[in-house]
Amino acid sequence: MVAVILAAGKGSRLGEYTRDLPKSLLKLDREKTLLDYNLDILNQFDLDRILIITGYNSELIESHVNGASNIEIIYNPFWNHCNVLGSLYMGMNQLNDDFLFLHADTLADKEIWESLVGCSGDMVLPFQRKECGDEEMKVLIKEQKLIRISKEISPIDAQGEFLGIAKFSKKTLPFFKKTAERLFKTGQLNQYMEAVIQEAVDLDSFEIIPMDIGDFNFVEVDFEEDYLRAKTEFGKSE
């Protein structure tokens with residue numbers, strides 16, 4: 001199994017925090033960055049490699065992980081012209097096994113990762129039952145089956161928020177690549193990775209498991225309040 005970490009974006013919604021710094025290198029505490037937190041967890045599993053897809057100020061991330069023998073940097077030169085799916089696509093030719101997917105700016109309790117790695121299915125998608133707003137990547141679930149995954153789901157209808165971390169079997173790789181290429185050829189460069197998941201849901205072509213994280217905790221760092229919460233809940237006391 002391998003892991004793919006998306007760390008290409010600028011994190012412009014964090015203002016001065018990320019003026020010259022990739023969001024993944026924001027300090028969580030004196031010792032660790034957001035990226036370090038995720039690498040520490042991933043290194044506790046039996047992974048063959050960790051791919052980091054970079055973009056904005058890639059050289060800073062390259063320098064930060066220099067010397068780690070299990071990490072491979074893949075630079076997305078189009079990071080400012082595409083969305084998550086475009087960055088994931090840049091790493092697909094390096095994937096030939098089951099893989100873990102995560103955003104570098106999403107921090108989750110170790111217990112969530114343990115459940116995810118241990119869960120079987122072609123697509124395992126952790127979600128948190130909660131009241132959602134318009135910006136969250138929401139899920140619609142009926143009878144424990146994923147029906148829809150999109151930001152466009154009405155908050156009233158949504159069962160919760162998709163965490164932005166997942167596990168995919170290697171049999172999904174041809175589908176991911178083919179679907180991504182078809183979307184790109186029609187000019188849809190700003191698609192999220194979840195667009196491919198939704199197509200898989202509609203086709204009912206894979207075993208898709210929505211995984212309820214229960215009372216465990218996660219935070220996606222998009223805004224200053226998220227960053228401050230991440231430091232409080234996932235960093236060491238300074």
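Where is the place of Asp 222? Please describe that site closely and then relate it to the rest of the protein.

Author: The model is a predicted one. Asp 222 lies in the loop that runs between strand E12 (218–220) and helix H7 (224–234). Its relative accessible area is 13%. Buried residues are those under 20%, and Asp 222 is therefore classed as buried.

The surroundings of Asp 222 may be described next. Leaving aside residues up to four places away in sequence, Asp 222 touches Arg 13, Leu 14, Lys 23 and Asp 105. Two of these neighbours also make polar contacts with it through their side chains. The side chain of Arg 13 is joined to that of Asp 222 by a polar contact of 3.3 Å. With the side chain of Lys 23, the side chain of Asp 222 makes a polar contact of 3.5 Å.

Asp 222 is linked with Arg 13, Lys 23, Asp 105, Glu 135 and Lys 151 in a network of salt bridges. As a general principle, side chains of opposite charge can pair when their charged atoms come close. Across the whole structure, a search finds 18 salt bridges.

Asp 40 pairs with Lys 32, and their closest N and O atoms are 2.6 Å apart. In contrast to the buried Asp 222, Asp 40 is partly exposed, at a relative accessible area of 32%.

Lys 110 is partly exposed at 33% relative accessibility, and Glu 114 is partly exposed at 40%.

The salt bridge between Asp 204 and Lys 145 has its closest N and O atoms 3.9 Å apart. This pair links distant parts of the chain, the two residues being 59 residues apart. Asp 204 is in the loop between helix H6 (194–203) and strand E11 (208–212), whereas Lys 145 is in strand E8 (residues 145–150). Lys 145 counts as partly exposed, with 44% relative accessibility.

Disulfides are a separate matter: the count of disulfides comes to zero. Among the cysteines, Cys 82 is buried at 16% relative accessibility, and Cys 119 is buried at 18%.

Two helices illustrate how residues are covered elsewhere in the protein. Helix H1 (residues 34–42) is mostly covered, since eight of its nine residues are buried. In helix H3, six of the eight residues are buried. These are Val 84, Leu 85, Gly 86, Ser 87, Leu 88 and Gly 91. The buried residues of H3 pack against strand E1 (2–7), strand E2 (49–54), E3, strand E4 (99–103), helix H5 (173–185) and H6.

The loop between strand E3 (71–75) and helix H3 (84–91) contains Pro 77. Pro 77 is partly exposed, its relative accessible area being 41%. Between the C-alpha atoms of Pro 77 and Ser 87, which are ten residues apart along the chain, the separation is 9.3 Å.

Finally, the protein may be considered as a whole. It has seven helices and twelve strands. Its radius of gyration is 17 Å, which agrees with the value near 18 Å that a compact globule of 238 residues would have. The C-alpha trace spans about 45 × 35 × 35 Å along its principal axes. Of the 238 residues, 54% are buried, and Asp 222 is one of the buried residues. Among contacts between residues at least 6 apart in sequence, 69% join residues at least 24 apart. The protein exposes about 11,600 Å², of which carbon and sulfur atoms supply 45%.

How values were computed
Residues are numbered from 1 along each chain as its sequence is written. This is a predicted model: local features need pLDDT of at least 70, side-chain atom pairs count only at pLDDT 80 or more; totals for chains, interfaces and linings use all residues. Side-chain values use heavy atoms; hydrogens and water are left out. A disulfide is a pair of cysteine sulfur atoms within 2.5 Å. Buried means under 20% relative accessible area, exposed over 50%, partly exposed in between (1.4 Å probe, protein chains only). A salt bridge is a side-chain nitrogen of Lys or Arg within 4 Å of a carboxyl oxygen of Asp or Glu. Helices (H or I, at least four residues) and strands (E, at least two) are DSSP runs, numbered from the N terminus. The radius of gyration is taken over C-alpha atoms; the globule rule is 2.2 Å times the number of residues to the power 0.38. Contact means heavy atoms within 4.5 Å. Accessible areas come from the Shrake-Rupley method with a 1.4 Å probe; for residues, only the protein chains shown count as cover. A polar contact is a pair of N or O atoms within 3.5 Å; within protein, one must be able to donate a hydrogen and the other to accept it, and residues adjacent in sequence count only if both atoms are side-chain atoms.
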